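Good morning, and thank you for coming. Please look at the sequence and the model on the screen while I go through a few residues and then one chain as a whole.

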Amino acid sequence: MSIFEYNGSALVAMVGKNCFAIASDRRLGVQLQTIATDFQKIYKIHDRLFIGLSGLATDAQTLYQRLVFRHKLYQLREERDMKPETFASLVSAILYEKRFGPYFCQPVIAGLGAEDKPFICTTDSIGAKELAKDFVVAGTASESLYGACESMFKPDMEPEELFETISQALLSSVDRDCLSGWGGHVYVVTPTEVKESILKGRMD
Amino acid sequence: MECVFGLVGNGFAIVVADTSAVHSILVHKSNEDKIMVLDSHKLVAASGESGDRVQFTEYIQKNVALYQFRNGIPLTTAAAANFTRGELATALRKNPYSVNILLAGYDKETGPSLYYIDYIASLHKVDKGAFGYGSYFSLSLMDRHYHSGMSVEEAVDLVDKCIMEIRSRLVVAPPNFVIKIVDKDGAREYAWRESVKDASTA
């Protein structure tokens, strides 16, 4: 049994027209047993930057605490928020620090960069960045998510259509994965607002 | 195997633990209290290796007391839970503790709360939680009968249902359980559920 599959997770981020969406499932499990159905996997770093952490829940929590710490220090020193590209490099560096004893997490980073251009990327557990122009996925349902996103994605979607697309891709993928699911958590971020929604899917 | 479970009710949180201290096939004692009173309004129900359980929970208890001495105010339940998680997480890649914890507490501002902290330091605030083989029975029963804002009577009734289920369906079911409750009046022992009394010494 892989350590990445101990808690179960599904994460996806998609790029739209001057906006992005990031979505996760809500299950916290211990192998076959479901502990909670309201577990948060997507965290806000600042109003225009979100990070989702899949994989082992304890490492996701530790990593999130470390990243928030580093970002707060950055804010104090630079008197501004971190750009998404910079934050992705920070995540990559922090993960590679533990190269021979890694955090068992796969992060998905999504943010609005300069001129409201959406930025998404994912890294593996030791910090290898994967930038994408359309969508990134992570978690135990990642293979299903790749298929669903590839078929459903269109470039330059408006926020409403992006929300529909990412929700459908997430729900259909987690239904094929026993370790993730129990609803969905979607954030759609535009330059002016952040819309948070809870999805009700198959509760199994 | 060790059974620990708990739930949050209307203005209180209740935790239950079995009371067997087992070493391989031998039951050392059947009145071992595994729910520690962390401070006036917090309970820690711990399950796992007995050495780690006692050492770790005492360490947390003393540090929570130290905070209160130094700062003049007690830690909130959330703060105590996050501190516990931090200690488990730090030790995880050096010298891990094999202890699963349900931390129940009552805060004046936020009311009762229950935190699930497993041995690899995953932390989550829950309404009902359980550890061990008994969790397969108690979690399902609680899923069926639990609703938010249960009274003490309803909660103890549900607890008794869980204990009956564990006793009848778990092959090496522990015979005795202790129930502790925490509410605005503090953390205290509520009851014992004994089906086998320890042989008393002369």
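I begin with B:Cys162, which counts as buried at 0% relative accessibility; buried here means under 20% relative accessible area, exposed over 50%, and partly exposed in between, with a 1.4 Å probe and protein chains only. This is a predicted model, in which local features need pLDDT of at least 70 and side-chain atom pairs count only at pLDDT 80 or more, while totals for chains, interfaces and linings use all residues. Residues are numbered from 1 along each chain as its sequence is written, chains are lettered from A and ligands numbered from 1 in the order in which they are written, and side-chain values use heavy atoms, with hydrogens and water left out.

How many disulfides are there over all chains? The count is zero, where a disulfide is a pair of cysteine sulfur atoms within 2.5 Å. For B:Cys162, the nearest cysteine sulfur is that of B:Cys3, 10 Å away. In chain A, the sulfur of A:Cys105 has its closest cysteine sulfur in A:Cys121, at 14 Å, which is too far for a bond. A:Cys105 is likewise buried, its relative accessible area being 0%.

B:Ser122 sits in the loop that links β8 (111-117) to β9 (123-126) of chain B; strands (E, at least two residues) and helices (H or I, at least four) are DSSP runs, numbered from the N terminus. With a relative accessible area of 3%, B:Ser122 is buried. Leaving aside residues up to four places away in sequence, B:Ser122 touches A:Ala57, A:Thr58 and A:Gln61, together with B:Tyr116 and B:Ile117; a contact means heavy atoms within 4.5 Å.

A:Gly181 belongs to the loop between α4 (159-174) and β11 (184-189) of chain A, and is buried at 4% relative accessibility. Beyond four places in sequence, A:Gly181 touches A:Asp25, A:Arg26, A:Arg27 and A:Val174.

Finally, chain B as a whole. Chain B contains four helices and 12 strands. Its radius of gyration is 16 Å, close to the 17 Å of the globule rule for 202 residues, so chain B is as compact as a globular protein of that length; the radius is taken over C-alpha atoms, and the rule is 2.2 Å times the number of residues to the power 0.38. Of the 202 residues of chain B, 50% count as buried.
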